[in-house]
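Subject: Structure handover

Hello,

Here is the structure to look through. My notes on it follow below.

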Amino acid sequence: MSDTTTKTIHLALQGGGAHGAFTWGVLDALLQDGRLDFAGISGTSAGAVNAVALAHGWAQAVADKQDPYEGARASLARVWNQVMELGAASESTARLTKLMMGALPGALTRFSPYQTNPLDINPLRQLIEREIDFERLQKLKSPRVFIAATDVETGRAEIFSGKRLTAAAVMASACLPQLFQAPEIDGKTYWDGGYSANPAIGPLLEMGETSDVLLVQINPLKRAGRATTAAEITDRANDLTFNASLIAQMRSIALLNELVAHGMTGEGLKPVHMHRIDGGSALADMPAASKISPQRATLEKLFELGRASAQRWLKRHYDAVGEKSSVNLKRDYGDPLKLQYEVAADAGSDADGDDHLADEIERKRFRWSPEEQHIAADVANQAAARAVRAASAEVAPGDDRTPRQAVRASGAAAA
């Protein structure tokens, strides 16, 4: 941690499967730099995992009278190293871990998780329950943690904080309904928070301790070219789905800032200073399979990309914290007063001109080569084929039996 005076800021952490390792890298670099003090942390899905891991390490270090910045770094590294160990585990566990972090095409269309996973086994839940002291987090005053999940019945975002911050809340925030049974909390069932708030920025603004919010964005705003293959279509559909709530929130903030600038709001209301760190074209270029592959090589590459992106942002935009926004909301997320707008060609970047050229040169170090993309795609296709065979067990179309029932039936017939 640096000995210089810190600036206070909120963190808003987007979800995105295994790409959450990018956020891990961002947080690691910010914590190592030590010039930012976090008032609130809002996270969704993988962002929720990062949020509680950071806060747990921070709280533990404070209790032990140690450096909270280093405690948070160690906690994040411990959680993600265990995720990597899950990815390298036995075939059955590795397959379930891949499903946990995303989706294997074809395996999800014939059965629900209430059939394929009746015991609701989730290795991530066991990891979170083992590594995070939620009783300590519930009492933590700073940074405050907010976790978003989606109420299945209403479609609205539900925010968990304080005494409601539990392992169940984190799993609700990360529950993809095609893969896992909806967690039930206080009589309500929840799905992934990405459907309604990815991430939730409102709770941070309501705190009022600072007007600065740093968004760590995983899902790209723009992908070049047409989506024609099954993997490309799925990947882009996920981007659109899990960016929709963020775009709406950012356009609302842009409108609020415009009203403040024209003196059309109540006295004392300040503009929101938005900042963003993303992987730009380097993250967008990573193959779709990388989101569902918690393999060590993939996650380490994402971690390093996150660190480099955070270091670049600190160098360029640290001085803007407390003074102004460092991201053009209208350009990147649309004019709040217009239904149609053009997204800038460089919407995924926080720089223009020469800065953009420097970004591209720097990010080439992290891009996947065509050979790496083909290998990753082949690995994903093979895993998908194995998962489909294991899940379907040669069940005929229209057969609503579970895989176990189908296997037993086929065995009896053979006998």
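How far from Asp212 is the nearest side chain of opposite charge? Asp212 is buried (under 20% relative accessible area, with over 50% being exposed and the range in between partly exposed, 1.4 Å probe, protein chains only) and has no salt bridge. The nearest side chain of opposite charge is that of Lys7, 7.8 Å away. For charge, Lys and Arg count as positive and Asp and Glu as negative, while His and the chain ends are not counted. A salt bridge here is a side-chain nitrogen of Lys or Arg within 4 Å of a carboxyl oxygen of Asp or Glu.

Before the rest, the ground rules. This is a predicted model, in which local features need pLDDT of at least 70 and side-chain atom pairs count only at pLDDT 80 or more, while totals for chains, interfaces and linings use all residues. Residues are numbered from 1 along each chain as its sequence is written, and side-chain values use heavy atoms, with hydrogens and water left out.

Asp212

Asp212 is in strand β7, residues 212-217. Strands (E, at least two residues) and helices (H or I, at least four) are DSSP runs, numbered from the N terminus. The side chain of Asp212 does make a polar contact with the side chain of His275, at 2.8 Å. A polar contact is a pair of N or O atoms within 3.5 Å; within protein, one must be able to donate a hydrogen and the other to accept it, and residues adjacent in sequence count only if both atoms are side-chain atoms. Leaving out residues up to four places away in sequence, Asp212 touches a set of residues that includes Thr8, His10, His273 and Lys324. Contact means heavy atoms within 4.5 Å.

Overall

The protein has 16 helices and eight strands. Of its 415 residues, 53% are buried. Among contacts with a separation of 6 or more, 77% are between residues 24 or more positions apart. The accessible surface comes to about 19100 Å², with 52% of that belonging to carbon and sulfur atoms; areas come from the Shrake-Rupley method with a 1.4 Å probe, and for residues only the protein chains shown count as cover.

Cores

A nonpolar core is a set of buried Ala, Val, Leu, Ile, Met, Phe, Trp, Tyr and Cys residues joined through side-chain atoms within 4.5 Å. The largest one has 67 residues, and Leu36, Phe38 and Phe134 are among those with the most contacts inside it. Helix α2 (residues 46-63) gives the most to this core, with nine residues. Another core, of 18 residues, lies apart from it and includes Met250 and Val272.

Helix α2 also holds Asn50, which counts as buried because its relative accessibility is 1%. A polar atom of the Asn50 side chain lies 3.2 Å from the backbone oxygen of Gly20. Beyond its neighbours within four places in sequence, Asn50 is in contact with residues including Leu13, Trp24 and Trp80. Asn50 and Leu13 are 37 residues apart along the chain, and their C-alpha atoms are separated by 7.9 Å.

Salt bridges

A search of the whole structure finds 15 salt bridges. One of them joins Arg73 and Asp28, with the closest N and O atoms 2.9 Å apart. This pair links distant parts of the chain, since Arg73 is in helix α3 (residues 68-87) and Asp28 in helix α1 (residues 20-33), 45 residues apart. Arg73 is buried at 17% relative accessible area, and Asp28 is buried at 6%. Asp28, Glu70, Arg73 and Arg307 are linked in a network of salt bridges.

Arg236 pairs with Asp239 at 3.2 Å between the closest N and O atoms. These two are separated by about one helical turn, because they are three residues apart in helix α10 (residues 230-261). Asp239 is buried, at 1% relative accessibility.

Backbone

Most residues other than glycine have a negative phi, and most peptide bonds are trans. Two cis bonds to check are Ser142 to Pro143, with omega about 0°, and Asn198 to Pro199, with omega about -5°. Pro143 lies in the loop between α7 (134-139) and β3 (144-151). Pro199 lies in the loop between β6 (188-192) and α9 (202-207).

Ser45 has a positive phi, near 55°, and is buried at 11% relative accessible area. Asp186 also has phi near 55°, but is exposed, at 69%.

Regards
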